[in-house]
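Please keep the sequence and the model in view while reading.

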Amino acid sequence: MSLNEFLLGALIYLAAAVISAPLAKRLGLGSVLGFLAAGAIIGPSVLGLVGREGEAVKHFAEFGVIVMLFLVGLELEPSKLWQLRKQIFGLGLLQVVGVAAVTGAASLAISSGWRESLAIGLILALSSTAIVLQTMSEKGTLKSPVGQSVFSVLLFQDISVIPMLALLPLAAVAGVHGGGEAHGGSLIDSYPVWAQALLTIGAVAVVLLAGRYLMRPLFRIVADTGTREIFVAFALLLVVGITLLMGLVGLSPALGTFLAGVVLADSEYRHELEMDLQPFKGLLLAIFFIAVGAGIDFSLMASAPVLLACGLVAFIALKLATQLGLARLFGMNGPDTSRFSFALAQGSEFGFVLITFCAGLGLLTGTMPGLLTAVIALSMAAAPLLMMLDDKLIQPRFADGDFRREHDIVSHSGVDVIIAGHGRFGMTVGRVLNAQNKRTVVLDLDSSQVDALRKFGFKVFYGDALRLDLLESAGAKEAKVMVIAIDDRERTTELVKLAKHNFPHLKLLVRVFDRSHAYEVMREGVDEVYREVYGTSLDLARDTLTSLGLHPYEAQRAVTRFRALDERFLRKSAAHADDESKLIDLARQSRAEISRVFAADRGGEQVQPDTSWHDDDELKR
């Protein structure tokens, strides 16, 4: 392929992605369906803009699936897994096994044997993570109990792809020979079986140990360069390196990258890794789905429309029936049972991966790969319609009953406070909040600071809080408060603007450097500003008055009164921050008012000291 041919192909694929995604979202179908439709249109069956080289493009784009599994692994924090363990490994396991058994058994009527039926059942057991999570997020139901159950099943399905990729070749070896294209090619094929097993275990151990003990120091060194491009390059280097290592020992690359993601799930660099790899994953998956769409065999659909229609209806009906039974088994009420079942009643993007994989192994023969691809694609297209059917026709039937509406039982398991900057100022704020069991996410750009604080047990993540995608990943859409304690004047103001524009629901509490910086931040609509050394200087003034013989109560009262007057003056003068003469005039008025208030206090009656706020030792002094 010449350079011009390559560039032309890249132009067609990128144009298809850019045009199809906005159109599909405007129609409420989701970007995945847009990519599939775009691929079908530019493919050889319609416009013919891309030809058989689409297979090579698909192999390249499968790297996007590998990156996706790495990111899925990054989401699996041990605490999250433990919290959802019953839904993930109970409901999730039964859903995959149950649907695979039912659909696999039903496919015996049209398959060539039990091995092909097994592959069909496993492929159809999966549901679309992209479509379901996106739809439930838009509806605000993802954090509800049924939303968490759906998420747990999808999580288990994503995990189950790994053992499927590892176990399906065993079924192929047991009954089909010649599937070496997808299975062979490793450097250890010539070794004895016991040696292959040891080398395979060793490769997995290398990934786990390197992720646990080597990756964090290396990420810290890279982060210390302060160059984001190098951090992105190192993240890609990690994924590509693990992919090659797994390929050399004959394992699925997805297995290695997934394990590496799990190992790094507790890393302080997790959020930064997610945000840096997300564009690569999104673009490569877009190309992958377009390539899959281009490979849909429309001649098969035209030649066997009845078979395809019956297969689609049977698949959705069997999956719905199985999931309804499982939901009732796990004690879900009527509305939740319906929503759970309809949400998962479609095929998965991972199904396309498994179809290609099983076809290469020889487990799927004849027209079966094309038929399954068409069924999954059509079921994904029907997914938004099925969930709309549940919302409009089925859920209202429960509204008048004894069932509580889902929005009344939304789980508040997200983030309470985001702290941007965990230096000498933000650290104290974080300690107080953690002592009160408030859920905080802390972001800091100083890798050495992050490393040091995590050694002391603080949950701090490396990342630039000025990145909108990072704030969203950290939970800014769910949090109630953002504490801005960045040790940089200009960046603090920029973050205030960013948060005000994109997350207007957040209450912003901002650390500022001085009075002029306070004016600058208050102009952006923030009232809660905290001057960096102001509180400490007032504490020192109070102790100075006490050292000069004033009673501690009177000293505290004087400082409290001064603070109230000065804060009032700060807000009054903020409107005239650019008018120096006006500020001078207001400052003189403030000093005169403060002097008048304290003179009145000194000339008035002596207030009986309140001894309830200090201890007995202080009273004896």
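A residue is called buried when its relative accessible area is under 20%, exposed when it is over 50%, and partly exposed in between, with a 1.4 Å probe and protein chains only. The model is predicted: local features need pLDDT of at least 70, side-chain atom pairs count only at pLDDT 80 or more, and totals for chains, interfaces and linings use all residues. Residues are numbered from 1 along each chain as its sequence is written, and side-chain values use heavy atoms, with hydrogens and water left out.

A nonpolar core is a set of buried Ala, Val, Leu, Ile, Met, Phe, Trp, Tyr and Cys residues joined through side-chain atoms within 4.5 Å. The largest such core has 121 residues, of which L36, F70, L168, F219, F340, F352 and L364 touch the most other members. Helix α8 (residues 145–175) supplies the largest share of this core, 14 residues. Helices (H or I, at least four residues) and strands (E, at least two) are DSSP runs, numbered from the N terminus. Contact here means heavy atoms within 4.5 Å. Residues up to four places away in sequence aside, F352 touches L36, F288, F289, V292, T373, I376, A377 and M380. A second, separate core of 32 residues includes L471, A479, Y519 and V529.

Two further buried positions may be examined individually. V232 belongs to helix α11 (residues 228–248) and counts as buried because its relative accessibility is 15%. Apart from neighbours within four places in sequence, V232 is in contact with D276 and F280. The C-alpha atoms of V232 and M275 are 9.5 Å apart in space, although 43 residues separate the two in sequence. T440 lies in strand β2 (residues 440–444); its relative accessibility of 14% makes T440 buried. With neighbours within four places left aside, T440 contacts V417, L433 and N434.

Aromatic rings come next. Rings of Phe, Tyr and Trp (its six-membered ring) pair if their centres lie within 6.5 Å; planes under 30 degrees apart count as stacked, over 60 as edge-to-face and the rest as tilted. This rule gives 3 aromatic pairs. F89 and F156 are edge-to-face, at 6.2 Å centre to centre and 90° between the planes. Their pair links distant parts of the chain, with F89 in helix α5 (residues 85–106) and F156 in helix α8, 67 residues apart. F89 is partly exposed at 45% relative accessibility, whereas F156 is buried at 11%. The ring centres of F219 and F231 are 5.5 Å apart and their planes are at 35°, so this pair is tilted. F219 lies in helix α10 (residues 193–224) and F231 in helix α11; both residues are buried. Ring pairs join F219, F231 and F234 into a cluster.

Charged side chains complete the picture. A salt bridge is a side-chain nitrogen of Lys or Arg within 4 Å of a carboxyl oxygen of Asp or Glu, and the count is 8. R339 and D390 form one at 3.8 Å, N to O. This pair links helix α16 (residues 334–343) with helix α18 (residues 368–399), 51 residues apart, and both partners are buried. K497 and E494 form another, at 3.9 Å, N to O. Because K497 and E494 are 3 residues apart in helix α22 (residues 489–502), about one helical turn separates them. K497 is partly exposed at 36% relative accessible area, and E494 is partly exposed at 42% relative accessibility.
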